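Please read these notes with the model open beside you.

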Amino acid sequence: GGGEGGGGEGGPIGRPERLFRDVYLPAITASCPSTSRRLKPVSLGLVVCLAGVGGYLLSQALELSPPSKAEEWFPANHMANGFVEAAQNDYLAEDDDAFADGYVFIGLKKLYVDRGVYTKWIPQDNRGTLVYDDAFDLSDAAAQEAYLRLCDEVRAAPCDSEGCRKVPGRLVDPPTVRCLLVEFAAERGNVTGAAFEPELAAWVAEDPFEREELAGFVDGELKYVTVAFKTTMRDEETSELVQEVYDEWQDLLRPFVATAPASLASCEGERCTLFVSTCGGRDDCGLAFAWMVTQRELVRGLFNGLAICAPVAFAVLLLVTGSLTVALLAILSIGLVVTSLLGTIKTIGWELGVGEAIAGTIVIGLAVDYTVHLGHTYTAAAAETREGKTAAAATVMGPTVVAGAFTTFGVAFFMFFCQLTFFTKMATLIGGTVGYSLLYSLFFYVPLLALVGPSGKLRSTAERLRAMYRTCRGGGGGGGGSGGGATRRGKPQRQGGAAPLFVPP
C-alpha cells in the first residue's frame, strides 16, 4: 500500500512491520476516552508489571553469594565428576592427592615487581624479583630453637573453618609435617655456628629431590627454609572457605613472628611476616591460595563492569539523543535487564562462581544494545508529538531489534550442547540477556516513552553544541533559519535572537 501503509515511504512492508504497526503500536498508544492522552492503560500496566518483576529479581540478585562448594566444570552425570565423588564419598578417607600441600617459608622478605617493565597483559614475563631477608640466619642456637617451636605449633595448629576437612579441627595432618632441623639432626646431630650451613648443604645434596623443598640454597648460600606439610584443605575448595583457612594461618603465624628472633622474623621496617603457600619448590605446585585471589578478582571484575557500564551507557545515550529524559529512562531499562539476569541466576540455583563472573562480564554489553537503538530512533523521529515519536521507534526499529535478538540467540544456541558447564552457562546468560533486553526494551522502555517521553522538536547534542558556539560568539540564532524555528512540545519558539541553549525534554 501507499502513504501511511508503506511505513512512511510509500513502499511495501513485511509481516513483522505490519505486526508492530497494526497490533503493537495501537495497544501501547491507546488512551482512555474522555481523559488525558497521557493516560495509556496498556503502557501503564506493562510498566507497572515489569517494574514489579524487576524489583523482585533485584531482591534475588542482592542475595547472590560465592559458591558454597567446589565448582563443577562438567554436568552432574559426567564421568569426570563421578571419579571425584567416588574418591570423596566411597572410602573411609580421601586420597592424599585431593588435599593441598602447604609450606611456611622463613627468610623471604617480599616479591619486588618493577612496574616499569611488568605488564598485566603478558603476566608470564617480568613477574618480579624475590627479595631475600639479609638478616636470615638459622645457624644460631636461639634461631634453631624458635624454628623447632614453629614446627610444633604447626603440627598442633587448630582450625575452626569448615575448609579443614581431612582432620577436622586441625590445619594440617600432623604425621605429614616435615621439619628441616628434626630430619637434619637425626643424621648429622645438632650443628650450630659456622659449620651449620656447609654441613646442611652437603646433607641436602645427598637427596635433593626430597630435601630441596626444606632448604633453599641460592648460588651456594642458604636463603630460606620451610616447614612442609599436607593441609587438611582440599585442593579444589571454594574461595570463601580457602579465605577462612588462609586467615587461620595468619592467626597462627602472627604471634610467632612477634616473638621470633630477628634472624627469622623477616622484617621490613615495623612489618614482619612469614609466608604460607600451597606452592613449594617442586613443579607440582598447588594454587589454592593464588586461585582464591583470582576468584575474588573475577567476581569483583563483574561488579566493576556493571559500575562502568551504567555511566558510560548513560553518557553515550545523552550524547546521541540529546535528551536527558530519554537517557534516564534507557538507563532504568538497562538496569532492570542486568538485575533481572542476576536475579534469575539466583532463582535457578546458581551461585556467583568463576564461570558466572566471566560470562556475566562478557554479556553486560548486550543489555545496552536494543534500548540504545530505540531511544535514538525516538529522538530522531520527524514527528513532534509523543505518539508520533513512539510510532517511529516501534515501527522503524522494533522489527530490527527483534531480528537482532534472534541472530544473537542463534549464536548462543549451539553452546547449549557443550559438555563443559562454562559454555552452557555462557549460553544461558547470553540467551537470558537477549530475552530480558527484548522484554524490557519493547514492553517497558517504549511504553515508558509513550507515557512520559519528550515531545516537540528535539535537538541533537551536535545541534546544541552548535547553538552554544553561536551564543558564545554572539552571532545569535537568526542567521541560518534553522535555529529560530525550533519548537518545544509542538509550540513555536520566540523568533529572533539566539536559539535557546538547552531545551528541556
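1. The model is predicted. Residue numbers count from 1 along the chain as its sequence is written.

2. Aromatic pairs. The structure contains 15 aromatic pairs. One of them joins Phe-422 and Phe-423, with ring centres 5.4 Å apart and planes at 80 degrees to each other. The pair is edge-to-face because planes over 60 degrees apart are counted that way.

3. An aromatic cluster. Four residues belong together here: Tyr-103, Phe-105, Tyr-132 and Tyr-224 form one aromatic cluster.

4. A lysine over a ring. Which residue lies over the face of Trp-350? Lys-425 does, at 5.7 Å from the ring centre.

5. Two helices. Helix α2 covers residues 41-61 and helix α11 covers residues 324-347; their axes are 7 Å apart and meet at an angle of about 55 degrees. An angle of 65 to 115 degrees would count as roughly perpendicular and one under 35 as roughly parallel, so α2 and α11 are oblique to each other. The crossing of α2 past α11 is left-handed.

6. The helix contact. On the α2 side, the contact is made by Gly-54, Leu-57, Leu-58, Gln-60 and Ala-61. On the α11 side, the residues include Leu-336, Thr-339, Ser-340, Leu-342 and Gly-343.

Definitions and conventions. This is a predicted model: local features need pLDDT of at least 70, side-chain atom pairs count only at pLDDT 80 or more; totals for chains, interfaces and linings use all residues. Side-chain values use heavy atoms; hydrogens and water are left out. Rings of Phe, Tyr and Trp (its six-membered ring) pair if their centres lie within 6.5 Å; planes under 30 degrees apart count as stacked, over 60 as edge-to-face and the rest as tilted. A charge sits over a ring if NZ of Lys or CZ of Arg is within 6 Å of the ring centre and within 35 degrees of the ring normal. Axes are lines fitted to C-alpha atoms, for helices over the stretch in contact, and angles run from 0 to 180 degrees between N-to-C directions. Helices (H or I, at least four residues) and strands (E, at least two) are DSSP runs, numbered from the N terminus. Angles under 35 degrees count as roughly parallel, over 145 as roughly antiparallel, 65 to 115 as roughly perpendicular and the rest as oblique. A crossing is left-handed if the near helix is turned anticlockwise from the far one by less than a right angle, and right-handed if clockwise. Contact means heavy atoms within 4.5 Å.
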